[in-house]
Amino acid sequence: FSFFCSVLREKFQKEEKKSMFFNDILSIAGDVPCYADFFRYIQWHNHAFTMAWDLAVPTLVFHYENYTINFDETKERLLRFLGMKENHPAPEFITGKIYRDFFTEDEVDAVTELFERLALRKTWFYTRHYFDD
């Protein structure tokens with residue numbers, strides 16, 4: 001994983017440094033492996049929450065671990081929210097996908113700082129539990 005991130009950094013960082021916008025981001029994300037992916041993740045959530053607010057559309061927030069802890073209850077919540085009935089059994093959900101071991105503690109700290117600085121309050125509210133020890 002670390003090698004993959006270093007290859008991406010080497011491939012794109014020269015081009016990214018030409019952008020004033022990315023220079024600001026790079027100053028924050030310098031120690032974050034695969035920073036562009038984290039940036040996209042944060043921005044996707046920021047935009048999703050902003051769009052939901054602006055359009056006043058109902059939303060349902062749940063996390064991967066909700067499926068792990070109680071798959072059936074989470075599935076039922078989603079079906080109720082969508083106003084749907086289950087037409088056929090859900091496919092098997094494979095649990096245990098945890099990626100924290102891919103990162104050093106210093107990298108986790110850097111990712112945490114990136115989230116704290118770039119995430120909207122609502123995005124941070126729904127993602128900060130991933131940074132708890």
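In the predicted model, the largest nonpolar core comprises 18 residues, and those with the most contacts inside it are V32, F38, L114, F115 and L118. Helices α2 (20-29), α3 and α6 each supply at least two residues of this core. The most is given by α6, which provides six residues. In soluble globular proteins, nonpolar side chains tend to be buried together.

Two of these helices also pack against each other. The axes of α3 (residues 35-55) and α6 (residues 105-118) come within 11 Å and cross at roughly 30°. Because this angle falls under 35 degrees, α3 is roughly parallel to α6. The crossing of the pair is right-handed. On the α3 side, the contact is formed by F38, F39, Y41, I42, Q43 and N46, and on the α6 side by V111, L114, F115 and L118. By class, the residues of this contact comprise eight nonpolar, two polar and no charged. Apart from neighbours within four places in sequence, F115 is in contact with F38, Y41 and I42, as well as with W124, T127 and F131.

Backbone geometry was examined at two loop positions. Most residues other than glycine have a negative phi. C34, in the loop between α2 and α3, has a positive phi, near 50°. A56, in the loop between α3 and α4 (64-69), likewise has a positive phi, near 55°. With a relative accessible area of 8%, C34 is buried, whereas A56 counts as exposed at 64% relative accessibility.

Conventions. Residues are numbered from 1 along each chain as its sequence is written. This is a predicted model: local features need pLDDT of at least 70, side-chain atom pairs count only at pLDDT 80 or more; totals for chains, interfaces and linings use all residues. Side-chain values use heavy atoms; hydrogens and water are left out. Axes are lines fitted to C-alpha atoms, for helices over the stretch in contact, and angles run from 0 to 180 degrees between N-to-C directions. Helices (H or I, at least four residues) and strands (E, at least two) are DSSP runs, numbered from the N terminus. Angles under 35 degrees count as roughly parallel, over 145 as roughly antiparallel, 65 to 115 as roughly perpendicular and the rest as oblique. A crossing is left-handed if the near helix is turned anticlockwise from the far one by less than a right angle, and right-handed if clockwise. Contact means heavy atoms within 4.5 Å. Ala, Val, Leu, Ile, Met, Phe, Trp, Tyr, Cys and Pro count as nonpolar, Asp, Glu, Lys and Arg as charged, and the others, Gly among them, as polar. A nonpolar core is a set of buried Ala, Val, Leu, Ile, Met, Phe, Trp, Tyr and Cys residues joined through side-chain atoms within 4.5 Å. Buried means under 20% relative accessible area, exposed over 50%, partly exposed in between (1.4 Å probe, protein chains only).
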